[in-house]
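Hi,

Here is the structure I promised to send over. Have a look first, and then read on for what turned up in it.

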Amino acid sequence: MLGKKGEGTPTAAPDAKNPYLKQPAGENAVGSRTASADETSDGEQLLSLSEALYSKSYGDVPVEVFMTVPVRRPLDRLNLADISREAAGRIVLVQGFAQTIKKVNKNITLVVLREGLSSIKCVVLADDPGICEDMVTFIRKLNKESFVEVEGLIETMRGTQQIRVKKLYCIDEAGGLPFQLEDAARGAHKQFDTQGKKLAHVSLSVRLNSRFFDLRIRVSQAVFWIQSEVTTHFMQFMIKGGFMCTHTPKITGVSEGGSAVFKVNYFKEQASLAQSPQLYKQMLINGGINRVFEVGPVYRAEDSNTHRHLCEYIGLHAEMQIKEHYFEVIDFVDALFVDLFDHLAKNCSEMLDIIQEQYPCERLKYLQQNVRLKYSDGIKMLQESGFPIQEPQDLNNKAELMLGKLVLEKYKTDFFILYEFPLAVRPFYTMPSGQERNPGSYSNSFDAYIRGQEVLSGSQRIHNKSLLIKRIDERGYIKAIFQQFTDTFGCGAPPRGGFGAGLERLVMLYLGVPDIRIASLFPRDPGRLVP
């Protein structure tokens, strides 16, 4: 093509190896291609290719078909999830992974097509009109997990929908598979088949090495649909509660304290990845925004190789002004979790059933007004059970699990809140408690637990600058490091409180699955940096 000034516009060089495109007959004076009158454009050739392909009842779909306008095929395209009893009798187009390809007998071939959480049987009958021997051979030779398109008639067989295949095309054939999906989807509780034969399993580590493939398992997808529901419902609840959605820096020059941070080079300075948005949330409160929340990544450089720790996770964080007492925050947390649990029970029953096929667990027990215990009362319950613990010890994993068991036995709930922890085990910005019992030794703080494991931590924060600086001194921190933070308290600061929870741990504990990595798409722990 010539521009306004007669300059030649370069065109793509012809691909001599492409059998689907004709080569140019010649070139004009400025180097552009000149087509003869009977030649067609590349797009027209590709369109002809598509029409030729779909005039047959089977075959491999060349990738070039997806480079041009679609061939008009007057058929209903449906997602497998949308196929219902009312669809019986309709000829439709569907796509999906060929989960199973099985020769039932000489006349019948069965293809189980899977899309997302849904699957359907596609039956190929050799004596049906339009089904030739070559088509049957083509289908039977396809590899499992190839991505295919099926045109067929929806029919009902014994109360179940299936597709009677008229045409089948392979869009992309699968090669070698990392593992067998049926083995990866088998729960640890299933060790033998009905004949007593040992069943194969795939370890979580192997599954995570090929996480993209593991996601084809219905259970894996169901877990992340639950995670999606938790995230969106949390955000909706916060917004309805008058909270502003915010986004704070993840590259910072200061952390909450401690050494468990990932150091990064920030031009000529040393920075770290944020342990939480805590200090920024408080700055926003000091800025006059009375309620804020954030959903974002959190980084912890902790060499913790446990079932419930990650080096990177998604934090659910909130901060709010309080008028009189930090129980206002606890009340909000209680309402949030009850609303979330109600929502999941009401709207996600099918996905919960899918997950329990591989990870059997009792549904979460909770109350509409949940149990709240003082830290000292929790310690007393543990001591009375014979568990060795003394105040002001923090609860380790074994203590949490035991307390969770005791609370479930006594109060019939898997969810409870423990409050008024010793000040020594809480962050420097936590407000000391003014209770008569050892005033100043305890704090206005709380943790929430699901199935005997901590899922959320929160507190009232110190809003008085002098007291805040005093607490930094008492912890032995360098005041200059926190000056950017403490200076925001010199212009008047409202009382406030807040909390933070880990999304992956919340999902893990709610579902009762055994490892947090199951609830993390691409987990990062001390031993895993890829994929």
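Which loop does R158 lie in? R158 sits in the loop between β8 (147–157) and β9. I picked that residue to start with for its backbone: R158 has a positive phi of about 55° even though it isn't a glycine. As a rule, most residues other than glycine have a negative phi. R158 is also exposed, at 83% relative accessibility.

Before going further, keep in mind that this is a predicted model. The average pLDDT for the protein is 90, and 89% of the residues score at least 70. The stretch to be careful with is residues 1–39, where pLDDT is below 50. Beyond near neighbours in sequence, residues 1–39 have 33 contacts in the model.

Now the overall picture. The protein has 531 residues, and 45% of them count as buried. In terms of secondary structure, there are 14 helices and 20 strands. If you take the contacts with a separation of 6 or more, 65% of them are between residues 24 or more positions apart. The accessible surface of the protein is about 27300 Å², and carbon and sulfur atoms account for 53% of that.

Next, the surface. I251, Y266 and F267 make a nonpolar patch of about 380 Å². I251 is in strand β11 (residues 251–252), and it is partly exposed, with a relative accessible area of 45%. F267 is in the loop between β12 (263–266) and β13 (269–273). F267 counts as exposed, at 77% relative accessibility. Its backbone also deserves a look: F267 is not a glycine, yet its phi is positive, at about 55°.

There are also some cis peptide bonds to tell you about. Most peptide bonds are trans. Here, E391 and P392 are joined by a cis bond with omega of about 5°. P392 is in the loop between α10 (375–384) and α11 (397–411). Another cis bond runs from V530 to P531, with omega near -5°. P531 is in the segment after α14.

That brings me to L529, which lies in the segment after α14 (503–511) too. Is L529 buried or exposed? With a relative accessible area of 68%, L529 is exposed. The C-alpha atoms of L529 and C311 are separated by 10.0 Å, although these two residues are 218 residues apart along the chain.

Cheers

Technical notes
Residues are numbered from 1 along each chain as its sequence is written. This is a predicted model: local features need pLDDT of at least 70, side-chain atom pairs count only at pLDDT 80 or more; totals for chains, interfaces and linings use all residues. Side-chain values use heavy atoms; hydrogens and water are left out. Patches are made of residues with over 30% relative accessible area and no salt bridge: like charges are joined within 9 Å, nonpolar side chains (Val, Leu, Ile, Met, Phe, Trp, Tyr) within 5 Å. Accessible areas come from the Shrake-Rupley method with a 1.4 Å probe; for residues, only the protein chains shown count as cover. A salt bridge is a side-chain nitrogen of Lys or Arg within 4 Å of a carboxyl oxygen of Asp or Glu. Helices (H or I, at least four residues) and strands (E, at least two) are DSSP runs, numbered from the N terminus. Buried means under 20% relative accessible area, exposed over 50%, partly exposed in between (1.4 Å probe, protein chains only). pLDDT is the predictor's confidence in each residue, from 0 to 100. Contact means heavy atoms within 4.5 Å.
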